[in-house]
Amino acid sequence: MKEKIQEIKKDFDDNLKSVSDLKALEELRLKFLSRKGQVTQLFDAFKALPTEEKKLYGKEVNVFRNTLQTKYDKLKADLEAAKVDEKDVIDLTLPGRRKELGSLHILSQTLYEIKEIFKSLGFSVYIGPEMESDHNNFEMLNFPADHPARDMQDTFFINDDFLLRTHTSPVQVRLMETSKPPLRAIMPGKVYRNEAISAKSYCLFHQVEGLYVDTNVTFAELKGTLIAFAKQYFGEDVKYRFRPSFFPFTEPSAEVDLWWEPKGKEGRWMEILGCGMVDPNVLENCGIDSEQYTGYAFGMGVERIAMRKYGIDDIRVFFDNDKRFLTQF
Ligand code: DAH
């Protein structure tokens with residue numbers, strides 16, 4: 001009997017070691033503790049013993065059975081506690097989910113590059129509001145009230161006195177009114193025009209205004225600065241021309257065109273900016289002595305610069321938010 005107990009115990013312990021889930025544990029129970037299990041059979045054998053021997057082994061057999069039962073119960077409790085819901089199981093073999101990173105919009109990138117070039121030329125960056133007074137947007141810039149020059153820019157009026165700025169030039173006014181020359185700054189931002197939307201024009205676009213006011217500022221410096229910019233941005237061999245023009249706030253005034261040959265199309269000149277010497281009236285309006293100081297100014301279209309650089313021929317794509325377009329840059 002004693003040997004039999006030892007044998008079962010060893011077998012049970014060996015089996016127990018390899019049990020790692022509830023299914024295997026149940027097999028263990030069937031093998032040892034069920035009604036037909038080895039422990040039960042041991043009891044049957046015990047019952048058949050002569051009375052003498054029963055006395056000898058009675059206690060031992062009971063203790064043995066209880067020990068096995070306790071081991072079994074403990075492992076069962078542990079396995080049940082560790083059991084995890086299948087839906088919580090992480091499948092480490094699944095391929096990962098790719099996180100899509102956003103990127104800077106092509107206009108932001110272009111603006112950034114333009115700013116970097118002008119910063120390297122000694123310009124600081126100054127910002128003004130998109131909602132502007134009629135006073136700053138027009139009057140201070142030498143557009144007299146009811147003057148036809150106002151029609152150059154179709155305006156979104158907010159009320160009689162305020163509007164969405166039609167250009168970044170009013171930021172020049174804000175700068176000149178609050179700071180003393182020498183002044184050298186660029187002023188980037190959004191502008192708004194009440195125009196029919198087409199491949200060439202949109203109700204909203206971006207400009208970078210530039211202003212340099214000091215003693216003895218000349219048109220030659222204006223030309224030199226803009227050519228330096230064009231060469232840095234588009235490359236040494238960029239083809240440009242200065243063309244006489246008119247703006248109420250500059251005298252003389254010019255526009256700059258860049259030669260553009262879109263792939264497979266005929267080449268043409270594309271206007272990218274207006275510029276000129278700041279009209280003495282504008283300096284005086286802002287409290288700057290026009291006898292002592294002169295200045296130049298320019299305003300460039302950011303969309304046009306990006307279109308010329310990347311060969312885009314429709315301004316609307318900048319605002320459509322079509323990922324197929326945006327992710328190309
Ligand atoms: N404000 C003008 C426009 O939007 C562009 C411009 C022309 C700006 C000449 C200037 C300038 O500063 O000097 O059409």
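How do the residues of the shell around the ligand divide into nonpolar, polar and charged? Keep that question in mind while you move through this predicted model, in which local features need pLDDT of at least 70 and side-chain atom pairs count only at pLDDT 80 or more, while totals for chains, interfaces and linings use all residues. Residues are numbered from 1 along each chain as its sequence is written, and side-chain values use heavy atoms, with hydrogens and water left out.

**Stop one: the ligand.** Select the ligand and the 16 residues that surround it, the closest being His167, Ser169, Arg193, Gln207 and Glu209; a residue is near a molecule if one of its heavy atoms lies within 4 Å of it. The shell holds five nonpolar, nine polar and two charged residues, where Ala, Val, Leu, Ile, Met, Phe, Trp, Tyr, Cys and Pro count as nonpolar, Asp, Glu, Lys and Arg as charged, and the others, Gly among them, as polar.

Next, show the side chain of glutamate 209, which has a polar atom 2.5 Å from an oxygen atom of the ligand, and then that of glutamine 172, which has a polar atom 3.0 Å from a ligand oxygen. At alanine 297, look instead at the backbone, where a polar atom is 3.2 Å from an oxygen atom of the ligand. The ligand taken alone exposes 360 Å², and the protein buries 93% of that, with accessible areas from the Shrake-Rupley method and a 1.4 Å probe.

Now colour α7 (169-178), β5 (204-214), β8 (268-278) and β9 (294-301), the elements that each give two or more residues to this shell; helices (H or I, at least four residues) and strands (E, at least two) are DSSP runs, numbered from the N terminus.

**Stop two: the sheet.** Select the seven strands of the open sheet, which has mixed pairing and the order β1-β4-β5-β9-β8-β7-β6; two strands pair if DSSP finds at least two bridges between them. The edge strands, β1 (124-125) and β6 (240-247), each pair on one side only. Zoom in on β6 and β7 (residues 250-260), which pair in the antiparallel sense over seven bridges, and find serine 245 opposite serine 253 in β7.

**Stop three: backbone details.** In strand β7, select proline 252, which a cis peptide bond joins to glutamate 251, with omega about -5°. Another cis peptide bond runs from proline 181 to proline 182, with omega near 5°, and proline 182 lies in the loop between α7 and β4 (183-192). Finish at asparagine 216, in the loop between β5 and α8 (219-234), where phi is positive, about 60°, although asparagine 216 is not a glycine.

Key
A polar contact is a pair of N or O atoms within 3.5 Å; within protein, one must be able to donate a hydrogen and the other to accept it, and residues adjacent in sequence count only if both atoms are side-chain atoms.
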